[in-house]
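My notes follow in the order in which I checked things.

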Amino acid sequence: MTARHRDPLAARIASAGWDWPAPDWPPPPGVGAFATTRGGGVSAAPRDSLNLALHCGDDPAAVAENRRRVGALLPSPPVWLEQVHGREVVVLDAGNVDAARTTPPRADAAVTRTPGVVCAVLTADCLPVLFADREGAAVGAAHAGWRGLAGGVLEATVAAFADLGVPATRLAAWLGPAIGPGAFVVGPDVVDAFCALDPGSSGAFAAGDGDRRLADLYALARRRLAAAGVVTVAGGTQCTWSDRDRYFSYRRDRATGRQGAFVWREPDRGGDGV
């Protein structure tokens, strides 16, 4: 986030000594968003220290404390997802959010118009994509590993916004920390998964050893978002694999934690949110 776009949330994060990134989009009115790094928590190695995932072998008490620390900056407990590398999108509102907090929905994206509801995704090389209506009326988050990206999770998320009355041209998207184009080695199956529907995707794959290719998740995501009508896209500069001190990376370490990305509409003035 540039100095021009700093806000009270960014100041609180900085004052706590955390180097957590925030979207460098021009901030939509009444929208909060940030991502975490691996720093600032209590988990032991190799999931040190701010692991937010319960499914990767960490001490549940440590994860609970890590989530409590993040939650102190949020208007309500985030809705975690049971991420499956698919394209399912859950629409969160006052009628289903309590149940979703109790039983994480099996989905890879979430959108909401409801103030105070926090959409969240967990990653450790996959691409987190945060969305906001530039008028501040809706927000969302998507987990886009290569399978979900090839399968259309971003397009499905944009379609869910359209169902909420927010056209693609009104959306801003932020590409959070993910494995970078110099580190993501893939095989012909991954290239084929993208190029079968979009031959122009071939430009996002650089030559590697033998039949291996180096995939640029950021470039692939930008192509998908542009095709879906999203014209405002920020981020896409941080590599989880190469920045060992700052980010968890499953491909680099296997036994590791997960960082999170969060977005929400601020609760209505005078209300408690959801």
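Entry 1, pairing. I began with Ala 132, which stands opposite Val 139 in β6. The model is predicted, so I kept to its limits: local features need pLDDT of at least 70, side-chain atom pairs count only at pLDDT 80 or more, and totals for chains, interfaces and linings use all residues. Residues are numbered from 1 along each chain as its sequence is written, and side-chain values use heavy atoms, with hydrogens and water left out.

I then looked up the two strands concerned. Strand β5 (residues 127-133) pairs with strand β6 (residues 139-144) in the antiparallel sense, over six bridges. Pairing here requires at least two bridges found by DSSP between two strands. Helices (H or I, at least four residues) and strands (E, at least two) are DSSP runs, numbered from the N terminus.

Entry 2, the sheet. I traced the strand order as β2-β3-β6-β5-β7-β11, an open sheet of six strands with mixed pairing. β2 (89-92) and β11 (232-235) are at the edges; each has a single partner strand, so one side of each is left without a neighbour in the sheet. On average, neighbouring strands of this sheet are turned by 20° against each other, direction ignored.

Contact means heavy atoms within 4.5 Å. Axes are lines fitted to C-alpha atoms, for helices over the stretch in contact, and angles run from 0 to 180 degrees between N-to-C directions. Helix α7 (residues 217-228) lies across β5, β7 and β11 and runs at about 170° to β7.

I looked up the two axes: they come within 9 Å and cross at roughly 35°. The contact is made by Leu 154, Glu 155 and Val 158 of α5, and by Ala 221, Arg 224, Leu 225 and Ala 228 of α7. I sorted these residues into five nonpolar, no polar and two charged. In this scheme Ala, Val, Leu, Ile, Met, Phe, Trp, Tyr, Cys and Pro are nonpolar, Asp, Glu, Lys and Arg are charged, and the others, Gly among them, are polar.

I found zero disulfides in the structure, a disulfide being a pair of cysteine sulfur atoms within 2.5 Å. For Cys 56 the nearest cysteine sulfur is that of Cys 126, 13 Å away. Cys 56 counts as buried at 12% relative accessibility; buried means under 20% relative accessible area, exposed over 50%, and partly exposed in between (1.4 Å probe, protein chains only). For Cys 126 the nearest cysteine sulfur is that of Cys 239, 13 Å away. Cys 126 is also buried, at 19%.

I noted a cis peptide bond between Ala 45 and Pro 46, with omega about 10°. Pro 46 is in the loop between β1 (31-35) and α2 (60-71). Another cis peptide bond joins Asp 48 and Ser 49, with omega about 0°, and Ser 49 lies in the loop between β1 and α2.

I also looked up positive phi values in residues other than glycine. Asp 125 has phi near 135°; this residue is in the loop between β4 (118-123) and β5 and is buried, with a relative accessible area of 7%. Arg 254 has phi near 60°; this residue is in the loop between α8 (250-253) and β12 (259-265) and is exposed at 52%.
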